[in-house]
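Please examine the model shown below. The paragraphs that follow lead through its sheets, its helices and its aromatic pairs.

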Amino acid sequence: MRAVFFSDAHLRSGDDEGCGLLRGFLRSTARSGDHLFIVGDLFDFWFSRDGVVYPGFQPIIDELKDLKRRDVQIHLFEGNHDFYLADYFTGVLGIEVFTDTALLQMEGKTIFIAHGDLVDESDRGYRFLRRVLRSRFAYGLQKRLPLQLLWRLARLSSDASKEYLAKPQEGLASKMEAFALSEFVRGADAVILGHCHLPVIKTHAVKGRQRHFVLLGDWLTHRSYAVLEEGRFELGRYAGKPL
């Protein structure tokens, strides 16, 4: 069994170099796996209705459809930039969507997977905003507004917001490692997180077993991903050319 993991592509347009690089990755590395885990923030924003998606995202969606036809099992996690995903990806494409965390059994290991935006409990402002944006009221409101307006506002917000590029990530990485250690004590053999944008892989001995802590990095600067195969985790960097 081979599982491939990545996160934080923050796609905004089908014309971006990042989109072309990710398409190449999906056609090569991802095709070689049995499972593909997209651990949040695949898109920099997401609004869809009645099967209609933002046109700039269609090239990646077509690649995911092709992987599904090739019997790659796709597991999609919501991030802090892209949520409300289930209506389209589960309802239309039949792809599994996780809104928060997952605890899965793979290769004889208990694996905790999450985007990671809730790890930092001290960021109360963000946690409040997250609850508001994912509330029934907000969900209902975005269903009533014209898609073209939502896409235009989302692009403007995306252009103005570069917090995932500007903030130093080392402090968050340390908090995520501490979080992983607590999950190891609870029984997880591996903790895989996105959101931090730093690619990190470490092994800890906890209760007589080797446990694995993986931060997936991003596709904005690192083009990083992780692979689980034959019980081993490895970090890689995609070196291919954009399509």
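Thr 29 lies in the loop between helix 1 and strand 2; helices (H or I, at least four residues) and strands (E, at least two) are DSSP runs, numbered from the N terminus. The model is predicted, with local features requiring pLDDT of at least 70 and side-chain atom pairs counting only at pLDDT 80 or more, whereas totals for chains, interfaces and linings use all residues. Residues are numbered from 1 along each chain as its sequence is written, and side-chain values use heavy atoms, with hydrogens and water left out.

Is Thr 29 buried or exposed? With a relative accessible area of 12%, Thr 29 is buried; the term means under 20% relative accessible area, exposed means over 50%, and partly exposed lies in between (1.4 Å probe, protein chains only). Leaving aside residues up to four places away in sequence, Thr 29 touches Arg 2, Val 4, Tyr 225 and Tyr 238, where contact means heavy atoms within 4.5 Å.

His 35 stands opposite Gln 73 in strand 3.

Two packed helices are described by the angle between their axes and the distance between the axes. The axes of helix 1 and helix 2 come within 10 Å and cross at roughly 5°. The two helices, helix 1 and helix 2, are therefore roughly parallel to each other; angles under 35 degrees count as roughly parallel, over 145 as roughly antiparallel, 65 to 115 as roughly perpendicular and the rest as oblique. On the side of helix 1 the contact is made by Cys 19, Leu 22, Arg 23, Leu 26 and Arg 27, and on the side of helix 2 by Pro 59, Ile 60, Glu 63, Leu 64 and Leu 67. By class, this contact of helix 1 with helix 2 has seven nonpolar, no polar and three charged residues. Here Ala, Val, Leu, Ile, Met, Phe, Trp, Tyr, Cys and Pro count as nonpolar, Asp, Glu, Lys and Arg as charged, and the others, Gly among them, as polar.

Another open sheet has five strands in the order 5-6-7-9-8, also with mixed pairing. Its edge strands are strand 5 (101-106) and strand 8 (199-206), each of which pairs on one side only. The twist averages 15° from one strand to the next. Strand 7 (residues 190-193) pairs in the parallel sense with strand 6 (residues 109-114) over four bridges, and four bridges also join strand 7 to strand 9 in a parallel run. Ile 111 stands opposite Ala 190 in strand 7, and Ile 113 has Ile 192 as its bridge partner. Ile 192 in turn stands opposite Val 214 in strand 9. Ala 190 and Ile 192 point one way from strand 7, Val 191 and Leu 193 point the other way, and all are buried.

The aromatic residues complete the description. Rings of Phe, Tyr and Trp (its six-membered ring) pair if their centres lie within 6.5 Å; planes under 30 degrees apart count as stacked, over 60 as edge-to-face and the rest as tilted. By this rule the count comes to 22 aromatic pairs. The ring centres of Phe 25 and Tyr 238 are 5.9 Å apart and the planes stand at 80°, so this pair is edge-to-face.

How values were computed
Axes fitted to C-alpha atoms, helices over the stretch in contact; angles between N-to-C directions. Pairing = 2+ DSSP bridges.
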